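Open the structure in your viewer and keep the selection panel handy. We will go from stop to stop, and at each one you will hear what to select and what is there.

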Amino acid sequence: MENNIKISLKNIDLWYKDFQALKDVNLNIRSHEVTAFIGPSGCGKSTLLKSLNRMNDLIEGCKITGEFLLDGEDIYGGLDVNMLRKRVGMVFQKPNPFPMSIYDNVAYGPRTHGIKSKSALDEIVEKSLRDAAIWDETKDRLKKSALSLSGGQQQRLCIARALSVEPEVLLMDEPTSALDPISTGKIEDLVTQLKGDYTIVIVTHNMQQATRISDRTAFFLLGEVVEYGATEELFSRPQDQRTENYITGRFG
C-alpha cells in the first residue's frame with residue numbers, strides 16, 4: 001500500500017436487510033488530508049462514514065462485504081473494535097456533549113483507556129481544548145456543565161473530546177449543519193488546522209464547504225461513488241452529464 005494512503009476501501013457493498021445502501025465503493029483516503037463525502041440525502045455518504053469505525057455494527061440487519069483497510073489492517077478482521085474507535089474518532093451532526101462538566105467530557109475517553117493521574121488528565125484536557133480552539137473560552141469554567149455552552153462551543157467541545165484519545169482519523173458527519181454561520185466558520189478553520197495532525201473525512205451537503213476545506217471530494221449518488229478526485233480539479237472541470245444533473249438538480 002502507498003505510504004500516504006491511510007484508509008483503503010475495496011469493492012464495498014452494504015445492505016440494510018433487503019436495501020442496498022452502498023454499491024461497489026472503491027476509495028483511497030490519504031493521510032493528513034481532508035476528504036469530503038458529498039451528495040443528496042440518502043445517497044450513502046453517512047452510511048460509508050459510519051462503516052469506517054464500525055458504527056453500523058449496532059444496526060440490526062446490516063451486512064457489509066468488501067475490504068476496509070486502516071494502514072493495511074482489516075477494520076472488520078481481527079482489529080478490536082474499541083481500539084478501532086480510539087484510532088478512528090467520530091463527531092456527529094448535532095453536538096452531543098455528555099451531561100457533565102466540560103473537564104469531565106474531555107477526560108472521559110482517556111479515563112476509559114486507563115489514565116487516572118490528575119496531572120496527566122489536566123494536560124490532556126488542556127491540549128485537547130486548545131487543539132479544538134475552545135480553550136480560551138472554557139479555561140475558567142472547566143467545572144461548569146458542558147450543556148451551558150452555545151451550540152458552536154458544544155460542537156468544538158465534542159471535537160476536543162474526540163481528540164483527547166489521540167485518534168489517527170477524525171470522522172465528521174455534517175458537523176456544521178446545526179450551527180450558525182460564525183460557528184460554522186470556526187469549525188471550518190479548525191478542520192483546516194487539524195489536518196496537519198489527523199486524517200479527516202467529512203460528510204457535507206454543502207458544496208461550498210467542500211471547496212473551502214477539502215483536499216479531495218467523493219460525489220455519491222444512489223449508493224455509488226460517481227466521481228472522486230482532487231477537490232479543485234473536480235469543481236473546475238466540466239462534469240459528465242450524470243454528475244452535472246446530480247449537482248445542479250439534486251442539491252444546491
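A charge counts as sitting over a ring if NZ of Lys or CZ of Arg is within 6 Å of the ring centre and within 35 degrees of the ring normal. Keep in mind that this is a predicted model.

With that in hand, select Lys63 and Trp15: the charged end of Lys63 sits over the Trp15 ring, 4.9 Å from its centre. Next, pick Arg216 together with Tyr228. Here Arg216 lies over the face of Tyr228, 5.0 Å from the ring centre.

Now for rings facing rings. The structure holds four aromatic pairs. One of them is formed by Phe68 and Tyr76, which are tilted, with 4.9 Å centre to centre and 50° between the planes. Colour these two by accessibility: Phe68 is buried, at a relative accessible area of 1%, whereas Tyr76 is partly exposed at 26%.

Move on to helix H3, residues 102-112. Which residues of H3 are buried? Select Ile102, Tyr103, Asn105, Val106, Ala107, Gly109 and Pro110 to show them. Just after H3, stop at Gly114, where phi is positive at about 100°.

The last stop is Gln153, in helix H6. Is Gln153 buried or exposed? Its relative accessibility is 14%, so Gln153 counts as buried, the cut-off being under 20%. Leaving aside residues up to four places away in sequence, Gln153 touches Ile134, Glu137 and Arg141.

Notes. Residues are numbered from 1 along each chain as its sequence is written. This is a predicted model: local features need pLDDT of at least 70, side-chain atom pairs count only at pLDDT 80 or more; totals for chains, interfaces and linings use all residues. Side-chain values use heavy atoms; hydrogens and water are left out. Buried means under 20% relative accessible area, exposed over 50%, partly exposed in between (1.4 Å probe, protein chains only). Helices (H or I, at least four residues) and strands (E, at least two) are DSSP runs, numbered from the N terminus. Rings of Phe, Tyr and Trp (its six-membered ring) pair if their centres lie within 6.5 Å; planes under 30 degrees apart count as stacked, over 60 as edge-to-face and the rest as tilted. Contact means heavy atoms within 4.5 Å.
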